[in-house]
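These are my notebook entries on one protein chain, written down in the order in which I looked things up.

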Amino acid sequence: MMDEYEQWQAEVKKLQEENEGILKGFHDYLERSGLSKKTIRVHVGNIEFFGNDYLTREDPTSLADGWSMIDEFLGYYFVRKCMWSSPATTRQYITSFKKFYAYYYEVGGISKETLEKVKFELKEGKEDWIDAHGELDELLGWDW
């Protein structure tokens with residue numbers, strides 16, 4: 001009988017294995033679109049971090065359902081917990097999410113309705129997520 005931690009580990013492993021195939025498809029999709037290898041690496045890496053690290057931290061969540069956690073990720077976690085975060089990397093993540101969820105819709109991973117929700121979320125949250133860096137930077141005395 002598995003204890004709670006072992007169950008969590010099993011769920012995380014299962015999601016990460018699923019994500020491996022999804023990320024490979026996303027990589028191929030970006031490659032077909034003509035993006036540079038560096039840009040592809042950034043977008044795939046961003047979604048990999050979101051899917052394999054952030055979405056599996058507590059209550060493991062699939063990339064299909066993870067869209068609903070973008071606001072919490074970019075508005076709180078990324079700004080406060082990821083030392084490499086900046087207004088520029090936040091913009092990169094927004095672009096990565098746009099590209100990923102457009103791809104995921106095309107392959108049937110999410111519905112049209114969900115894609116529209118993702119687009120709305122990204123549009124509505126963008127300025128707040130970028131401004132969150134300024135608020136934290138001001139508090140810490142950083143000047144980008």
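This is a predicted model: local features need pLDDT of at least 70, side-chain atom pairs count only at pLDDT 80 or more; totals for chains, interfaces and linings use all residues.

Residues are numbered from 1 along each chain as its sequence is written, and side-chain values use heavy atoms, with hydrogens and water left out.

Entry 1, the helix pair. I looked up H4 (residues 70-81) and H5 (residues 87-106), whose axes come within 12 Å and cross at roughly 165°; the axes are lines fitted to C-alpha atoms, for helices over the stretch in contact, and angles run from 0 to 180 degrees between N-to-C directions. H4 and H5 are therefore roughly antiparallel, a term for angles over 145 degrees. The crossing of H4 past H5 is right-handed. For contacts (heavy atoms within 4.5 Å), I find Ile70, Phe73, Leu74 and Phe78 on the H4 side, meeting Thr89, Thr90, Tyr93, Ile94, Phe97 and Tyr101 of H5. By class, this contact has eight nonpolar, two polar and no charged residues, where Ala, Val, Leu, Ile, Met, Phe, Trp, Tyr, Cys and Pro count as nonpolar, Asp, Glu, Lys and Arg as charged, and the others, Gly among them, as polar.

Asparagine 46 lies in helix H2 (residues 37-52) and, at 9% relative accessibility, counts as buried; buried means under 20% relative accessible area, exposed over 50% and partly exposed in between, with a 1.4 Å probe and protein chains only. Leaving aside residues up to four places away in sequence, asparagine 46 touches Gln92, Tyr93 and Ser96. Glutamate 17, in helix H1 (residues 4-32), is partly exposed at 49%, and its C-alpha atom is separated by 24 Å from that of phenylalanine 78, 61 residues apart along the chain.

I count six helices and zero strands, both being DSSP runs numbered from the N terminus (helices H or I, at least four residues; strands E, at least two). The radius of gyration is 16 Å, close to the 15 Å that the globule rule gives for 144 residues, so the chain is as compact as a globular protein of that length; the radius is taken over C-alpha atoms, and the rule is 2.2 Å times the number of residues to the power 0.38. Buried residues make up 42% of the 144.

Definitions and conventions
Angles under 35 degrees count as roughly parallel, over 145 as roughly antiparallel, 65 to 115 as roughly perpendicular and the rest as oblique. A crossing is left-handed if the near helix is turned anticlockwise from the far one by less than a right angle, and right-handed if clockwise.
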